[in-house]
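Please view the sequence and the model first, and then read the points below by topic.

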Amino acid sequence: MSSAPSPVSAAVGSIPTPPKFTSKEQEREYLKFRLAQAFRLFGKFGYDEGVAGHITVRDPIRPDCFWVNPFGKHFSLIQPSDLILVDHHGAVQPAESGPNRLLNKAAFMIHSAIHSARPDAHCAAHSHSVYGRAFSTLGKELDMITQDSCAFYNDCGVYKQYGGVVLDEQEGAHIVKALGNKKAVILQNHGLLVATNSIEATVHFFVALEKSCQVQLLADAAAAGTGGKTIKIGAEESAYTHGVVGTMVGGGSAVCLTSRRWRRMRGFHSTLEVASEGTKLAESRKMYITVL
């Protein structure tokens, strides 16, 4: 089989690209806005479960800190001004943070370990989404049964134990070890975690992983009910497909593929922006319209 084609080969015309910034302050405000949108999307998709779940993004001004949601605030209500800035020692930075500075300890233990160990991981997301949580109870990797699941071929680890609510550094370190240099990990009896180089890519791949878990659960149940087995995609075809739909730098152009993920998530964000007209989130968007 030939090498994977360029990720932009299917596109005709000019390709939209991620925004460029004139200052780190402008980039910070844009990332906070995008992160708030990511939480809204998670709320829209039903990925919330009580106070569980968190998405973080590394701060461009202070890379030893990351932005995270305040403890107890529902995903669907989060605004850029609600986000809190936390350093890798768990100290909330009051000058930059929102009014509710209550930090989810599990969020800190998991995400600080990831951001410290993986300089390339600018954004990480974890939630107790329904299908990811159900699939995690099997303690196994995804099967390559669809084109979409191939996005995680050799790129999704499994943390094959459950150590309780993540409230200590050791458990966070175990999760980082299971993640390795991959973009995702299935946490047994817990849920899903995705970490990539951007908010857009992280949200895209989290949604893709959740749907792949759903598809496999359905396919396995259907196969068991009919006395058959799901048909697996071969290793060569899986690797080829992963090079198109699953990598940050696949197809020989990091810029193009990053743009592709950004364009895909831009569609998610755009629908949210339309639905948010007349709200605070829509007002926030007007501040950053120059970089869209």
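**Strand β4 and its partners**

Strand β1 (residues 54-58) pairs with β4 in the antiparallel sense, and four bridges join the two strands. The model is predicted.

- Five of the five residues of β4 are buried, and the strand is described as mostly covered.
- In a regular strand, side chains alternate between the two faces of the sheet.
- In β4, Cys123, Ala125 and Ser127 belong to one side, while Ala124 and His126 belong to the other. These residues are all buried, so both faces of β4 are covered.

*His126 in β4*

- His126 is found in strand β4, which spans residues 123-127.
- His126 has a relative accessibility of 2% and therefore counts as buried, the cut-off being under 20%.
- The side chains of His126 and His128 make a polar contact at 3.3 Å.
- Leaving aside residues up to four places away in sequence, His126 touches a set of residues that includes Gly53, His54, Ile110 and His111. Also among the residues touched by His126 are Leu187, His190, Gly191, Leu192, Leu193 and Phe206.

- Ser129 has its place in the loop between β4 and α3.
- Ser129 counts as buried because its relative accessibility is 0%.
- Apart from residues up to four places away in sequence, Ser129 touches Tyr47, Leu192, Phe206 and Glu210.

**Other strands**

*β5 and β6*

- Strand β5 (residues 156-159) has both faces covered. Cys156 and Val158 lie on one side and Gly157 and Tyr159 on the other, and all of them are buried.
- β5 and strand β6 (residues 184-187) run parallel and are joined by four bridges.
- Tyr159 has Leu187 in β6 as its bridge partner.
- Between β5 and β6 the chain passes through helix α4 (residues 169-179), and this β-α-β crossover is right-handed.

*β2 and β3*

- Strand β2 (residues 65-68) and β3 run antiparallel, with four bridges joining them.
- Trp67 stands opposite Leu85 in β3.
- Both faces of strand β3 (residues 84-87) are covered: Ile84 and Val86 are buried on one side, and Leu85 and Asp87 are buried on the other.

**The cavity**

- Rolling a probe the size of a water molecule over the atoms shows where empty space is left.
- How many cavities of 30 Å³ or more are counted? The count comes to one.
- The volume of the largest cavity is about 70 Å³.
- The lining of the largest cavity includes Gly50, Val51, Ala52 and Gly53. Also in this lining are Asn69, Pro70, Phe71, Gly72, Lys73, His74, Phe75 and Asn104.

**Two loop residues with positive phi**

- Most residues other than glycine have a negative phi.
- Asn154 has a positive phi, near 55°. Asn154 is placed in the loop between α3 (130-136) and β5.
- Is Asn154 buried or exposed? Asn154 is exposed, because its relative accessible area of 60% lies over the 50% cut-off.
- Asn189 also has a positive phi, near 60°. Asn189 lies in the loop between β6 and β7.
- Asn189 has 39% relative accessibility and so counts as partly exposed.

**Tyr30 in helix α1**

- Tyr30 lies in helix α1, which covers residues 24-44.
- Tyr30 is buried because its relative accessible area is 3%.
- The C-alpha atoms of Tyr30 and Pro80 are 9.1 Å apart in space, while the two residues are 50 residues apart in sequence.

Terms used. Residues numbered from 1 in each chain as written. Predicted model: local features only at pLDDT ≥ 70, side-chain atom pairs only at ≥ 80, totals over all residues. Heavy atoms only, no water. Buried < 20%, exposed > 50% of the residue type's maximum accessible area, 1.4 Å probe, protein only. Polar contact = N/O pair within 3.5 Å; in protein donor to acceptor, adjacent residues only side chain to side chain. Contact = heavy atoms within 4.5 Å. Pairing = 2+ DSSP bridges. Right-handed = clockwise from strand over helix to strand, strands pointing away. 1 Å grid on protein atoms, 1.4 Å probe; cavity = no way out; pocket = protein on both sides within 12 Å on 5 of 7 lines; lining within 4 Å. Points joined across faces, edges and corners; volume = space filled by probe spheres on them.
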